[in-house]
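Subject: Structure handover

Hello,

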Amino acid sequence: MTETQTLRAEQLEVLKVIYPLYKEEVFRRREQMMRLTALASTFLVILLLTTLAIPSHPYPDFTTALFAITGVALFTTLFTFLILQQRNRHRMAKQALIEIERALGLYDEGLHVVGKALLPEDWQTAWLGDHSVTAYLTFLTTLAALVVAAVLLRA
């Protein structure tokens, strides 16, 4: 075995070790985005129900409404930032995972399975069409808008 072949074999061993780590990272980041969305949504729904359930004050207080709306806006902005941060990390891990899969030959026809590739070719780009983060942020924004509307109606 030449030095180049040995290095190649060592590199493949490293890739085989880090592949499951990156795969887990991709799933963990996706799950984290879902958990952040669920947590923020739960809080906003509870806040909305509380706002609607509490009897309105006979003399509306503009300052209280302003603080409440500002708090909801800051809360939603913070969670939007956290979700986008997880999305960026998810994308970086996904790109690295695909590069590892390419290096391992998982997309090469006939290398692991006779007559076909182990993984479908479109898996390399399918993640680019994922719009789940848009759905998460739309849901949060809608809930925040409902809470703001409820506060404004009470003020």
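The largest pocket holds about 340 Å³ of space. Of the 16 residues that line this pocket, T64, A65, V151, R154 and A155 are the closest to its centre. A pocket here is an open set of points on a 1 Å grid over the protein atoms alone, where a 1.4 Å probe fits, with protein on both sides within 12 Å along at least five of seven lines; lining residues have an atom within 4 Å of a point. Grid points are joined across faces, edges and corners, and a volume is the space filled by probe spheres set on the points.

This is a predicted model: local features need pLDDT of at least 70, side-chain atom pairs count only at pLDDT 80 or more, and totals for chains, interfaces and linings use all residues. Residues are numbered from 1 along each chain as its sequence is written, and side-chain values use heavy atoms, with hydrogens and water left out.

At least two lining residues of the largest pocket come from each of α1 (3–53), α2 (62–103) and α3 (132–154), and α2 gives the most, with four. Helices are DSSP runs (H or I, at least four residues), numbered from the N terminus. By class, this lining has ten nonpolar, four polar and two charged residues. Ala, Val, Leu, Ile, Met, Phe, Trp, Tyr, Cys and Pro count as nonpolar, Asp, Glu, Lys and Arg as charged, and the others, Gly among them, as polar.

The second largest pocket has a volume of about 210 Å³. Closest to its centre, of 13 lining residues, are K23, V26, F27, K94 and L97. Both α1 and α2 supply at least two residues of its lining, with α2 giving the most, five. The lining of the second largest pocket divides into eight nonpolar, one polar and four charged residues.

Regards
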